[in-house]
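Biologist: I would like to know what the labels rest on. Please show me the structure.

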Amino acid sequence: MNSIPTVTKNLLIINVLMFLGTMVAESYHIDLADYLGLHFFLSERFNVAQLVTYMFMHAGFTHIFFNMFAVWMFGRILEQVWGPKRFLFYYLVCGIGAGLIQEVVMGVRYFSIESGMSPEAIQAVYDQGAQALRSNMNFVDPAMGSLNLVLNGQTVGASGAVYAILLGFGMLFPNQPMFIFPLPMPIKAKYFVIGYALIELYSGFANNAGDNVAHFAHLGGMIFGFFLILYWRNKNRGNGFYYN
């Protein structure tokens, strides 16, 4: 891994170690995601530090593999262009931003569901919901089940920061051709990023969390990345954008 820039390499190592640590902890009946994953801000399990720690937790091998593959493929290029400090700052800010957007979306969903429920049903979710999810169960009532997932579920993964990396690559190298399976011809990076953003926007509204993917967190990472890059461009317009 000597050819991989320092921050990118360390991000890969930390994420892999956390993933292995999660599996080891599971063998001792310890759920690290319950402590380090991002909980809804009204949950008793919520902690502000989770806005950082959730980025280093993953739900399975496929989840971490594709996230880390994107960090390796595109993150190292951004680090080489921006330098390690700026790249790390970008990664963390966009990851935290994605978490904040996720909290807002979950808040809207929570209050929307809660408004149609009785006080007794809401209290039942608070009293019994967490234990039900730990037992891989949920309420039969759709509203109670949905509220329970919002209140006692957790968000994990580096995807918000990864989508920001994709956005950054598309903005720095908009006309770079990319070969995307199964498309028969290369497409420019800017169209690849726009396409991904539109897919996430559609999925966020269409699925309504039914696929267990935090689509709006992905968009949140891209939004924070977009405005951060615009800020840097304006700030460094006289000196050039690519310097750290």
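Modeller: The second largest pocket is lined by L12, V16, F19, L20, F61, I64, F65, M68 and F69. Helix 1 (6-27) and helix 4 (61-82) are the elements that give two or more residues to this lining. This is a predicted model, where local features need pLDDT of at least 70, side-chain atom pairs count only at pLDDT 80 or more, and totals for chains, interfaces and linings use all residues. Residues are numbered from 1 along each chain as its sequence is written, and side-chain values use heavy atoms, with hydrogens and water left out.

Biologist: What makes a residue a lining residue of a pocket?

Modeller: Lining residues have an atom within 4 Å of a point of the pocket; on a 1 Å grid over the protein atoms alone, a pocket is an open set with protein on both sides within 12 Å along at least five of seven lines.

Biologist: Why is the pair of F65 and F66 called edge-to-face?

Modeller: Rings of Phe, Tyr and Trp (its six-membered ring) pair if their centres lie within 6.5 Å; planes under 30 degrees apart count as stacked, over 60 as edge-to-face and the rest as tilted. The centres of F65 and F66 are 5.3 Å apart and the planes are at 80°, so the pair is edge-to-face. F169 and F173 also form an aromatic pair, at 5.3 Å centre to centre and 45° between the planes, and this pair is tilted.

Biologist: Why is F169 called buried?

Modeller: Buried means under 20% relative accessible area, exposed over 50%, and partly exposed in between (1.4 Å probe, protein chains only). F169 has 7%, so F169 is buried. F173 has 27% and is therefore partly exposed.

Note on methods
1 Å grid on protein atoms, 1.4 Å probe; cavity = no way out; pocket = protein on both sides within 12 Å on 5 of 7 lines; lining within 4 Å. Helix = DSSP H or I, 4+ residues; strand = E, 2+ residues; numbered from the N terminus.
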